[in-house]
Amino acid sequence: MSKPSPEVYEEDRGMDAHNSVMREIRGLKEKHYDPHEPTRVWLDEDNTPGGVYDSLTIILNTGGCRWARAGGCTMCGYVAESVEGGSVAHDALMDQIQVCLDHEADNVDEPAELIKIYTSGSFLDEREVGAETRQAIAETFSDRERIVVESLPDFVDHEKVTDFTDHGLAVDIAVGLETATDRVRHDCVNKYFDFADFEDACATAQDAGAGIKAYLLMKPPFLSEQEARDDMVDSVRRCAAVDGCHTVSMNPCNVQQYTMVNELFRAGGYRPPWLWSVADVLERTADVDAIVVSDPVGHGSDRGPHNCGECDDRVQKAIKDFDLRQDPSVFEQVSCDCERTWELVIEEETSYAMPLAR
Ligand code: SF4
Ligand SMILES: [Zn+2]
């Protein structure tokens with residue numbers, strides 16, 4: 001298993017170039033955030049192995065991802081939302097949780113059955129969220145049904161998971177795997193771990209009574225539309241085949257500030273995926289033995305997954321319907337002339353640069 005320090009991440013991995021570019025881009029950030037306020041909080045619903053639940057989703061503002069400080073992933077702007085100084089104290093994190101509970105109480109009558117906690121990195125990394133805070137959060141939500149916490153595979157271990165299962169909570173660990181293909185994860189996403197590490201985390205989680213929710217990234221930079229689509233079809237299948245991985249959340253890349261993807265986008269070298277590609281992957285993998293969902297962020301905009309501008313809302317709605325019902329026939333009900341353009345893109349786009357003259 002990889003050890004989480006910047007030096008080891010980079011050592012012999014050929015990742016120095018990506019990291020040095022990402023460090024420079026992230027160095028441009030100027031935003032500062034209050035450590036007593038969560039990054040975001042909202043109420044929605046989500047499909048889980050226990051059924052569709054009302055959910056309270058929390059993005060805790062922690063010290064930010066360690067990997068991001070080494071340079072980090074090519075598409076990730078999360079560190080731009082982190083607090084200065086690199087860590088947030090227990091009391092401040094619990095203040096953030098209280099803000100989220102107040103938001104819930106102000107907006108709904110019944111507390112949500114499902115709590116989802118994401119951070120600007122890994123909730124199970126004790127440098128972001130210490131044991132005291134983790135245990136206090138488990139206690140705070142012990143009256144709910146289910147909790148999802150986000151973590152890189154390195155930090156998944158038995159005791160951290162049982163802090164939650166001991167309270168009778170059903171637990172899912174959300175892992176940002178991005179793709180099942182090691183080469184794409186290393187070279188296009190600049191993420192350091194291997195699929196084998198993900199498999200180990202699944203086994204550890206399962207042993208501690210938890211499940212895994214794999215997060216996949218559709219269309220990192222440097223892939224053509226077809227390569228991106230095929231990589232997702234293969235990745236959904238490989239994740240669904242791993243014991244303990246009961247849900248796959250396949251999310252299209254969007255262009256965030258202070259990222260390499262943003263630099264490529266501004267230079268005309270990147271387009272977020274088509275929503276047709278998202279629908280295509282969901283349709284092609286509807287037979288797998290796992291819940292497969294997608295939550296396209298910023299759909300219909302240049303910086304988010306988009307089609308022609310006319311059909312984006314309809315295709316997005318079909319994707320959201322699919323998330324809740326897992327029925328691929330929802331996609332038969334949407335069509336648009338731009339599907340032909342998308343088909344041509346799938347056939348003809350290449351990921352290498354075309355020469356301008358022969
Ligand atoms: S995607 Fe995750 S691992 Fe990568 S830099 Fe962002 S927070 Fe860190
Ligand atoms: Zn269209």
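Predicted model: local features only at pLDDT ≥ 70, side-chain atom pairs only at ≥ 80, totals over all residues.
Residues are numbered from 1 along each chain as its sequence is written, and side-chain values use heavy atoms, with hydrogens and water left out.

Helices (H or I, at least four residues) and strands (E, at least two) are DSSP runs numbered from the N terminus. Strand β3 (residues 114-118) has 5 of its 5 residues buried and is therefore largely enclosed by the rest of the structure, where buried means under 20% relative accessible area, with a 1.4 Å probe and protein chains only. In a regular strand the side chains alternate between the two faces of the sheet. Both faces of β3 are covered, with L114, K116 and Y118 buried on one side and I115 and I117 buried on the other. Strand pairing requires that DSSP find at least two bridges between the two strands. Strand β2 (residues 51-59) pairs with β3 in the parallel sense over 5 bridges, and I58 stands opposite I117 of β3. The pairing of β3 with β4 is likewise parallel and runs over 4 bridges, I117 standing opposite V149 in β4. Together, β3, α5 and β4 make a right-handed β-α-β unit, the hand being that of a path from the first strand over the helix to the second that runs clockwise when the strands point away from the viewer.

Helix α6 (residues 158-165) is mostly covered, 6 of its 8 residues being buried, namely K160, V161, T162, D163, F164 and T165. The elements that cover these buried residues include α5 (131-140), β4 (146-150) and β5 (170-178).

The axes of helix α11 (residues 275-284) and helix α13 (residues 338-348), which are lines fitted to C-alpha atoms over the stretch in contact, with angles from 0 to 180 degrees between N-to-C directions, come within 10 Å and cross at roughly 75°. The two helices α11 and α13 are therefore roughly perpendicular to each other, a class that spans 65 to 115 degrees. W276, S277 and D280 in α11 meet C338, E339, W342 and I346 in α13, contact meaning heavy atoms within 4.5 Å. Within α13, I346 counts as buried because its relative accessibility is 8%. Leaving aside neighbours within four places in sequence, I346 is in contact with E225, Q226, R229 and S277. The C-alpha atoms of I346 and R229 are separated by 8.6 Å, although the two residues are 117 residues apart along the chain.

Technical notes
Chains lettered and ligands numbered in written order. Parallel < 35°, antiparallel > 145°, perpendicular 65-115°, else oblique. Buried < 20%, exposed > 50% of the residue type's maximum accessible area, 1.4 Å probe, protein only.
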